[in-house]
Amino acid sequence: MSVAISRRVWFAAALAGVGGCARWVTTSDDEPSVLPPARMSPDSVVLELAFVRLAASDQAAWDSIWTEADEQHFPPELRKQLSANGLRQGILGQQLPSKLREALDSAAEQVLEERAEDVSSNDTEVSRGQRRLQCRTGRRAKIVVTKTFPRLPLLTLEDGQIRGNDLREAQGLLALKPYPLGDGRVRLEITPEVEHGEMKTQWVGQESSLMQRLGRERLVFDRLRSSATIAGGQVLVISTTSEVKGLGEHFFSETAGGTTERTLLLLRVAQTQLDHLFAPEQMPAPLATPAD
């Protein structure tokens, strides 16, 4: 099994030599296991996730972070559509902006959760802790980014037209599909969605078959679907625009006690199994998934 990016390289370890520890630390086993090591599927990808909060009033810190982010990675038309709906994303290098490192360092250290692909997960609570998400090539996983709103009046702007939705029991998330490229890089396809309504049984197409699962209706914003290719050490950052509005307001901002905070989601590739150079035979076709 070839591993393009070490399984135990965490965020802080990757950044320790480039100016600051972000408290994503390595772990070690107390005792060696007598069992053979677990083997991941050849098309598996492991992502590391972290949420960072900044006071909306700290505009200087906000600007300093985005000054160092490569937003040109995404097509101009997509950036325009994202911005119109209050969303912003970019690529950061191995050396994180100082203000972002400070925000990571000031956050309470939390235990990293190991999670498998959660395409069928019915989680209703958003986890703000650092965690790992294991998923497979071309298969949908989801990152929950908001609490559940009893009622969510939602306005979006698509191709210059305002669309309104009045949703009940609504929760924002990012649907994610990874595509490892075999050279250590991974292309991440990300689509904003809102799950809403009551839980009910649904038929889902998966690997050339139909399966039943319990889930809610989904409002999918296809026009805001983005594709980002990141290499080892790079970080994809997603958040709201400077002006808190639209989807960005509901997805990446919270107000409590009269104080508004903006949240940044950080995504980094921790491990990919696909290596074209050393294992050209391990190039499986993407799994069949339901059309979104």
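## A tryptophan pair in helix H2

Trp62 and Trp66 sit about one helical turn from each other, because they are 4 residues apart in helix H2, residues 59-67. Helices here are DSSP runs of H or I with at least four residues, strands are runs of E with at least two, and both are numbered from the N terminus. The model is a predicted one: local features need pLDDT of at least 70, side-chain atom pairs count only at pLDDT 80 or more, and totals for chains, interfaces and linings use all residues. Residues are numbered from 1 along each chain as its sequence is written, and side-chain values use heavy atoms, with hydrogens and water left out.

Rings of Phe, Tyr and Trp (its six-membered ring) pair if their centres lie within 6.5 Å; planes under 30 degrees apart count as stacked, over 60 as edge-to-face and the rest as tilted. That rule gives 2 aromatic pairs. One of them is Trp62 with Trp66, a tilted pair at 6.1 Å centre to centre and 55° between the planes. Both Trp62 and Trp66 are buried, where buried means under 20% relative accessible area, exposed means over 50% and partly exposed is in between (1.4 Å probe, protein chains only).

## Arginines over rings

To count, NZ of Lys or CZ of Arg must be within 6 Å of the ring centre and within 35 degrees of the ring normal. Arg187 does the like with Tyr179, lying over the ring face at 4.4 Å from the centre.

## Overall make-up and cores

Zooming out, the protein has 5 helices and 13 strands. Of its 292 residues, 47% are buried. Contact here means heavy atoms within 4.5 Å. Among contacts with a separation of 6 or more, 69% are between residues 24 or more positions apart.

Now for the cores. In soluble globular proteins, nonpolar side chains tend to be buried together. A nonpolar core is a set of buried Ala, Val, Leu, Ile, Met, Phe, Trp, Tyr and Cys residues joined through side-chain atoms within 4.5 Å. The largest one has 38 residues, and the members touching the most others are Ile143, Val194, Leu236 and Leu267. Take Leu236: leaving aside neighbours within four places in sequence, its contacts include Phe74, Ile91, Leu188, Ile190, Ala228, Ile230 and Leu265. Another core lies apart from the largest one, with 15 residues that include Leu54, Leu100, Leu264 and Leu266.

## Cavities

There are 3 cavities of 30 Å³ or more. On a 1 Å grid over the protein atoms alone, a cavity is a set of points where a 1.4 Å probe fits but cannot get out, and lining residues have an atom within 4 Å of a point. Grid points are joined across faces, edges and corners, and a volume is the space filled by probe spheres set on the points.

The second largest cavity comes to about 50 Å³. Its lining is made up of Leu82, Leu87, Gln89, Leu174, Ile190, Pro192, Leu224, Ser226 and Ile238. Strand S2 (87-92) and strand S8 (186-206) are the elements that give two or more residues to that lining.

Leu78 belongs to helix H3, residues 76-84, and is buried at 11% relative accessible area. Beyond its neighbours within four places in sequence, Leu78 is in contact with Arg223, Leu224, Arg225 and Ser226. Leu78 and Arg225 are 147 residues apart in sequence, yet their C-alpha atoms are 8.2 Å apart.

Gln81 is also in helix H3. Its relative accessible area is 10%, so Gln81 counts as buried. Leaving aside neighbours within four places, Gln81 is in contact with Leu157, Glu158, Asp159, Arg223 and Leu224.

Most residues other than glycine have a negative phi. Glu169 is not a glycine, but its phi is positive, at about 45°. Glu169 is found in strand S7, residues 161-180, and is partly exposed with a relative accessible area of 33%.

Strand S9 (residues 209-220) holds Arg218, which counts as partly exposed at 27% relative accessibility.

Notes
On a 1 Å grid over the protein atoms alone, a cavity is a set of points where a 1.4 Å probe fits but cannot get out, and a pocket is an open set with protein on both sides within 12 Å along at least five of seven lines; lining residues have an atom within 4 Å of a point.
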